[in-house]
Amino acid sequence: MYAIAAVGLLTVVFSTLMAASPERWSRGIITFAAKPYFHIAEISSRMLLGLVLLIFAGSTLYPIFIMIVGGVFVFAGVFL
């Protein structure tokens with residue numbers, strides 16, 4: 001349950017940062033995308049998030065929804 005809460009908290013933090021300074025956030029993403037390890041980081045983060053959501057879905061209020069979202073992340077990570 002704490003893992004799901006951590007994902008939610010990170011989402012809120014990153015959303016707040018994006019809303020506060022979208023130009024800076026955009027430049028940061030473009031700069032990071034130019035790095036050679038970007039694709040590996042992108043795949044790894046999606047797979048990790050998807051697996052966390054799938055593993056802990058049963059302890060949430062809406063397990064089927066969380067499992068679907070986790071499955072979408074894993075699917076995107078596999079076929080990226």
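This report covers the aromatic pairs and one loop threonine of a predicted model.

## Basis

Residues are numbered from 1 along each chain as its sequence is written. Because the model is predicted, local features need pLDDT of at least 70 and side-chain atom pairs pLDDT 80 or more, while totals for chains, interfaces and linings use all residues; side-chain values rest on heavy atoms, without hydrogens and water.

## Aromatic pairs

Rings of Phe, Tyr and Trp (its six-membered ring) are paired if their centres lie within 6.5 Å; planes under 30 degrees apart are stacked, over 60 edge-to-face, and the rest tilted. The count by this rule is four aromatic pairs. In one of them, the ring centres of Phe14 and Trp25 are 5.6 Å apart with planes at 45°, so the pair is tilted. Phe14 belongs to helix 1 (residues 2-20) and Trp25 to helix 2 (residues 22-33), so the pair ties together parts eleven residues apart in sequence. Helices here are DSSP runs (H or I, at least four residues), numbered from the N terminus.

Relative accessible area (1.4 Å probe, protein chains only) under 20% is termed buried, over 50% exposed, and in between partly exposed. Phe14 is partly exposed at 38%, and Trp25 is partly exposed at 28%. The rings of Phe75 and Phe79 have centres 4.7 Å apart and planes at 50°, so this pair is tilted; both residues are exposed. Phe32, Tyr37 and Phe38 make up one aromatic cluster.

## Thr60

Thr60 sits in the loop between helix 3 (38-56) and helix 4 (63-78). Its relative accessibility is 15%, which counts as buried. A polar atom of the Thr60 side chain lies 2.7 Å from the backbone oxygen of Ala57.

Technical notes. Helix = DSSP H or I, 4+ residues; strand = E, 2+ residues; numbered from the N terminus. Polar contact = N/O pair within 3.5 Å; in protein donor to acceptor, adjacent residues only side chain to side chain.
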